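Reader: I am new to this structure. Please show me how to read its main features, one at a time.

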Amino acid sequence: MRLLASRDYESILDLAGRLVGDLPARRSWELVCETLMAALSAPRAAVFDDEAQARSVFGGLKQLAIPVGGPAVVVARGGSDFSGRERAYAARLRPVLVALHHRQPAPGRPDHAAAAGVTPRELAVLRLLAQGWTAVAIGRRLAIHPCTVSKHQQNLYRKLGTNDRLTTVLHAQMLGLLDR
């Protein structure tokens, strides 16, 4: 039995296409919430760091959470529970939201990167450095030259006041730029 209608797939593809552009992180996540509220007939949606936070804000409303690897996007409404079609829509949208989360931090968190003067591209390099990737592998992943990766790395060292990968990653975690 097919739960999703073609308009549901079109909505997801439209959202994914709009998120690929260079929207600021806050606007990208606002767009996600707006799309979910429209598609699921829900008057409220937001990004939360944990379920307890969502419960305290949305109280007794029916909630549908979409985990995205750290925070979760929560949609809430009064009345009936979310239908099978609506849960299937959320499940289909989840990979798009996970990809967005890896590219741009969720707005529920303070923008520590901006405060430290770290650009979005440098933050992407930093995340991959933290995972142990080489400059060549990072370059392939981000479609940039390894020398550009090294330049981003040097900028990170300068901005964070460090001089090696390990110290940079640990300092970035301490500043909240990376998850621990």
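Author: Start with contacts: two residues are in contact when heavy atoms lie within 4.5 Å. The model here is predicted. Of the contacts in the chain between residues at least 6 apart in sequence, 58% join residues at least 24 apart.

Reader: Which elements does the chain hold, and how do they run?

Author: The chain has nine helices and three strands. Read from the N terminus, the order is α-α-β-α-β-β-α-α-α-α-α-α.

Reader: How do strands S2 and S3 run, and how many bridges join them?

Author: S2 (residues 62–67) and S3 (residues 72–77) are antiparallel, with six bridges between them. Ala65 faces Val74 of S3. Four residues lie between the strands of this hairpin, where Gly69 has a positive phi near 90°.

Reader: At what angle do the axes of helices H7 and H8 cross?

Author: Angles of 65 to 115 degrees count as roughly perpendicular. The axes of H7 (residues 135–142) and H8 (residues 146–160) cross at roughly 105° and come within 8 Å, so the two helices are roughly perpendicular to each other.

Reader: Which residues meet there?

Author: From H7, Ala135, Val136, Ile138 and Gly139 meet Pro146, Val149 and Ser150 of H8. By class, this contact has five nonpolar residues, two polar and no charged ones.

Methods:
Residues are numbered from 1 along each chain as its sequence is written. This is a predicted model: local features need pLDDT of at least 70, side-chain atom pairs count only at pLDDT 80 or more; totals for chains, interfaces and linings use all residues. Side-chain values use heavy atoms; hydrogens and water are left out. Axes are lines fitted to C-alpha atoms, for helices over the stretch in contact, and angles run from 0 to 180 degrees between N-to-C directions. Angles under 35 degrees count as roughly parallel, over 145 as roughly antiparallel, 65 to 115 as roughly perpendicular and the rest as oblique. Ala, Val, Leu, Ile, Met, Phe, Trp, Tyr, Cys and Pro count as nonpolar, Asp, Glu, Lys and Arg as charged, and the others, Gly among them, as polar. Two strands pair if DSSP finds at least two bridges between them.
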